[in-house]
Amino acid sequence: MTPIPPHRRATTATTATTVASAEHPSRTRPPVEAPEGGTAADARTVPGAPPAEAAGAPVLPTQGVRTGALPPLPPLDLHGAVPVLDAVTAEPPAPLPELAVLRALVRDAARRAAALLQGHVPEAHDTVADIVRFTVGAGGDHLETAAAHLGLTPLRIRHLTAAYHHGGPHGAAACLSPRPAHPAALAGAEAAIRPLRPSPGAPLERHRDRLTDPPAGVQLRHGPDGRWYPYADLHGTWQPVAGPHGDPARAYRAARLALRQRR
């Protein structure tokens, strides 16, 4: 094999480098400008750090980066009301609720968050009870909307909100529909209220979880929490009244008191 002269080897290497750069532009590097008073090698390195090629990671610029402790956060007021949507005046597009409903939802969420922060554990709610809870918290401003969502009449939703006001989600459940009740619980309630009845000899009506005294205009409903919820016959409809209690006699007295106060 004929040896290549040194000047030919240099020419060949230069030609190969040129061809490789043309075929693979990504392998080429732009020239690095040296800073004033330094060299090109100085521009590729950061003082106190290894070169990027040796560390295997890109060199990040450090100029303009502020160091030191962050400023303290302003005090957080968990009790003040923040009008999140007060600045919004345009109605949201469909199918979102109306702006008044959105504001009520924000207020409701704020109240529930504040209760959680204060350590109050919320009771379990199903869908119906949660809608009723929202209606009660909104001051009755959305009764018709709630009635439409639940497929109830406005009078029925008023009874549900009153039952929730007196007994929470269990009160709403007792108001919504009859539920099975243990016969022993009904028998015990009948014995407890017998001395309080204005007509002790008149028969009592039993229907699932409901014990009704028609002559007295009183009905007791056994809730899922074991309490007895009093109802009074007002204007021909059974309406929930205040005073649910685990003792059926006390719930019966509460219904009788509501009748005397409203007649």
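**View 1. Arg197 and Asp213 are joined by a salt bridge.** Arg197 pairs with Asp213, and their closest N and O atoms are 3.0 Å apart. Here a salt bridge is a side-chain nitrogen of Lys or Arg within 4 Å of a carboxyl oxygen of Asp or Glu. The two partners link distant parts of the chain: Arg197 sits in the loop between α8 and β1, Asp213 in strand β2 (residues 210-213), and 16 residues separate them. Helices (H or I, at least four residues) and strands (E, at least two) are DSSP runs, numbered from the N terminus. Arg197 is buried at 7% relative accessible area, and Asp213 is buried too, at 2%. Buried stands for under 20% relative accessible area, exposed for over 50%, and partly exposed for anything in between (1.4 Å probe, protein chains only).

A word on the model before the next view: it is predicted, so local features need pLDDT of at least 70 and side-chain atom pairs count only at pLDDT 80 or more, while totals for chains, interfaces and linings use all residues. Residues are numbered from 1 along each chain as its sequence is written, and side-chain values use heavy atoms, with hydrogens and water left out.

View 2. The whole structure holds 5 salt bridges. One of them brings the side chains of Glu190 and Arg206 together at 2.7 Å, N to O. Because Glu190 belongs to helix α8 (residues 183-193) and Arg206 to strand β1 (residues 205-207), this pair ties together parts that are 16 residues apart in sequence. Arg206 is partly exposed, at 45% relative accessibility. Asp225 and Arg227 also meet in a salt bridge, at 2.9 Å from N to O. Asp225 is partly exposed at 30%, and Arg227 is partly exposed at 28%.

**View 3. Five strands make up an open sheet.** The 5 strands follow the order β1-β2-β3-β4-β5, with antiparallel pairing. Two strands count as paired if DSSP finds at least two bridges between them. β1 and β5 (237-240) are the edge strands with a single partner each, so one side of each is left without a neighbour in the sheet. On average, neighbouring strands of this sheet are turned by 25 degrees against each other, direction ignored. Such angles run from 0 to 180 degrees between N-to-C directions, using axes that are lines fitted to C-alpha atoms, for helices over the stretch in contact.

**View 4. β2 pairs with β1 and with β3.** The antiparallel strands β1 and β2 are joined by 3 bridges, and Arg206 has Leu211 of β2 as its bridge partner. On the other pairing, 4 bridges join β2 to the antiparallel strand β3 (residues 218-222), where Thr212 stands opposite Gln219. The β2 and β3 hairpin has 4 residues between its strands, and Gly217 in the turn has a positive phi of about 70 degrees. In a regular strand, side chains alternate between the two faces of the sheet. Both faces of β2 are covered: Arg210 and Thr212 are buried on one side, Leu211 and Asp213 on the other.

View 5. Most residues other than glycine have a negative phi, and most peptide bonds are trans. Arg208 has a positive phi of about 55 degrees although it is not a glycine; it lies in the loop between β1 and β2 and is partly exposed at 43% relative accessibility. His235, also not a glycine, has a positive phi of about 60 degrees. His235 belongs to the loop between β4 and β5 and is exposed, with a relative accessible area of 78%. The peptide bond from Ala94 to Pro95 is cis, with omega near 5 degrees, and Pro95 lies in the loop between α3 (52-55) and α4 (99-117).
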